[in-house]
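Thanks for coming. I will walk through one structure today, beginning with the overall layout and then moving to a few sites.

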Amino acid sequence: MRTIIFLLLVILAFLVIRFTLNRVIAIRKKNQELDSPGLVNVQKNLVTCVVCGLNLPEEEAIIETLNGDEFAFCCAKHQQDFHKSAIKVQ
Ligand SMILES: [Zn+2]
């Protein structure tokens, strides 16, 4: 009889530990999901400078539409360089 009670206690303790661990994992996942949307948005809005290939947020970049195509530049100088090289090519 003692053995059965002991076994039941062990099983109960195991279940309590498992439940607690699952709760901790669920809470951690929830926190990560709350943290990640900001990161995902930042990565979504990254654009690449057509001159030097630098990745930067869209709101910091200079976006120019030429012949229906959008070009992103990291700075005004690279925008000028792009126009200079475009004129040379033509
Ligand atoms: Zn650049």
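The protein chain has two helices and four strands. Starting at the N terminus, the order of elements is α-β-β-β-β-α. Please keep in mind that this is a predicted model.

A few totals for the chain. It has 90 residues, and 12% of them count as buried. If we take contacts between residues at least 6 apart in sequence, 17% of them join residues at least 24 apart.

Helix α1 covers residues 2–44, and isoleucine 5 lies in it. Which residues make the nonpolar surface patch? They are Met1, Ile4, Ile5, Leu8, Leu9, Ile11, Leu12, Phe14, Leu15 and Val16, and the patch comes to about 1100 Å². To take one member, isoleucine 5 has a relative accessible area of 45%, so it is classed as partly exposed.

Next, the metal site. Which residues coordinate the zinc ion? The donors are the SG atoms of Cys49, Cys52 and Cys74, together with ND1 of His78, at 1.9 to 2.4 Å. The angles subtended by the four donor atoms run from 94 to 122°, and the arrangement is therefore tetrahedral. The cut-off behind that word is that all angles lie between 85 and 135 degrees. Along the sequence, the spacing of the donor residues is C-x2-C-x21-C-x3-H. Cysteine 52 sits in the loop between β1 (46–48) and β2 (55–57), while histidine 78 belongs to helix α2 (residues 76–89), so this pair ties together parts that are 26 residues apart in sequence.

Cysteine 52 is partly exposed, at a relative accessible area of 41%. Is histidine 78 buried or exposed? Histidine 78 has a relative accessible area of 18%, and the limit for buried is under 20%, so histidine 78 is buried. Leaving out neighbours within four places in sequence, histidine 78 is in contact with Cys49, Val51, Cys52 and Phe73.

Staying in helix α2, we come to phenylalanine 82. Its relative accessibility is 17%, so phenylalanine 82 counts as buried. What does phenylalanine 82 touch, not counting residues up to four places away in sequence? The list is Val50, Val51, Leu66, Phe71 and Phe73. For one of these, valine 50, there is also a distance: phenylalanine 82 and valine 50 are 32 residues apart in sequence, and their C-alpha atoms are 7.9 Å apart in space.

How many salt bridges does the structure hold? There is one, and it joins the side chains of aspartate 81 and lysine 77, at 3.0 Å from N to O. Both residues lie in helix α2, four residues apart, which is about one turn of the helix. Aspartate 81 is partly exposed, with a relative accessible area of 23%. Lysine 77, on the other hand, is exposed, at 52%.

Asparagine 67 is found in the loop between β3 (62–66) and β4 (69–73). The phi of asparagine 67 is positive, about 50°, although the residue is not a glycine. Why point that out? Most residues other than glycine have a negative phi.

To recap the metal site, the zinc ion has Cys49, Cys52, Cys74 and His78 as its coordinating residues, in a tetrahedral arrangement. Elsewhere, the two points to look for are the nonpolar patch that includes Ile5 and the salt bridge between aspartate 81 and lysine 77. That is the end of the talk.

Notes
Residues numbered from 1 in each chain as written. Predicted model: local features only at pLDDT ≥ 70, side-chain atom pairs only at ≥ 80, totals over all residues. Heavy atoms only, no water. Donors = N, O, S within 2.8 Å, 3.2 Å for Na, K, Ca; no water. Tetrahedral: all angles 85-135°; square planar, octahedral: opposite > 155°, others 65-115°. Buried < 20%, exposed > 50% of the residue type's maximum accessible area, 1.4 Å probe, protein only. Patch = residues over 30% accessible without salt bridge, like charges linked within 9 Å, V, L, I, M, F, W, Y side chains within 5 Å. Areas by Shrake-Rupley, 256 points an atom, 1.4 Å probe, with all protein chains shown as cover. Salt bridge = Lys/Arg side-chain N within 4 Å of Asp/Glu carboxyl O. Contact = heavy atoms within 4.5 Å.
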